[in-house]
Amino acid sequence: MIRTVALLVGVVVPSLIVRELVEARFGRGPLADVSAVAVPMAATAWLAPYASYRRRDALLWLVGPGIYVFTVIAWRVALAPYRDWTPRPEEKPRVRWSRDPEHARTWHLTEPEGDAGHTALR
């Protein structure tokens, strides 16, 4: 829970600072509003694949439910590498069902395949 709150604060506070800086320079208006969601959108797009979301889900910040989606992503990233949600179909080759009694009923993210440090595109 502490990791999740730290991620949320680490994204929302810089967002408010950026908004204040833009508002001080250009005044109130749509530019200040869009600048307020620029940092959270970038963080959402960056963390989304680690939480079984798509990068394009960051666009939800523009229409409203972005804070909810980012909260779910932050919660899931805080639980990584053990996952209590079902992996997406394209993630199935990289995860396995955990047999560890401490992490029962969770999926475990395995190490990336290959020597390049990432999995091949399919």
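Is Arg 28 buried or exposed? I looked that up to start with: Arg 28 is exposed, at a relative accessible area of 75%. I'm keeping in mind throughout that this is a predicted model.

**Salt bridges**

I went through the charged pairs next and found 3 salt bridges in the structure. Arg 28 takes part through its side chain, which meets that of Glu 23 at 3.5 Å, N to O. I then checked how far Glu 23 is covered, and Glu 23 comes out buried, with a relative accessible area of 18%. The cut-off for buried is under 20%, so 18% puts Glu 23 in that class.

Glu 23 has another partner: Arg 19, again with 3.5 Å between the closest N and O atoms. I looked at where these two sit, and both belong to helix H1, which runs over residues 2-26. They are 4 residues apart there, so about one helical turn separates them. Arg 19 has a relative accessibility of 22% and counts as partly exposed.

Which residue does Arg 19 bridge to at 2.7 Å? I find Asp 33, that value being the distance between the closest N and O atoms. Arg 19 is in helix H1 while Asp 33 is in helix H2 (residues 30-47), so this pair ties together parts that lie 14 residues apart in sequence. For Asp 33 I noted a relative accessible area of 41%, which makes it partly exposed.

Putting the pairs together, I get one network: Arg 19, Glu 23, Arg 28 and Asp 33 are joined by salt bridges that share partners.

**Nonpolar core**

The largest nonpolar core has 14 residues, and the members touching the most others are Met 41, Trp 61, Phe 70 and Ile 73.

What does Phe 70 contact, leaving aside neighbours within four places in sequence? My list has Leu 7, Leu 8, Val 11, Ala 43, Thr 44, Leu 47 and Trp 61.

Terms used. Residues numbered from 1 in each chain as written. Predicted model: local features only at pLDDT ≥ 70, side-chain atom pairs only at ≥ 80, totals over all residues. Heavy atoms only, no water. Salt bridge = Lys/Arg side-chain N within 4 Å of Asp/Glu carboxyl O. Buried < 20%, exposed > 50% of the residue type's maximum accessible area, 1.4 Å probe, protein only. Core = buried A, V, L, I, M, F, W, Y, C linked by side-chain atoms within 4.5 Å. Contact = heavy atoms within 4.5 Å.
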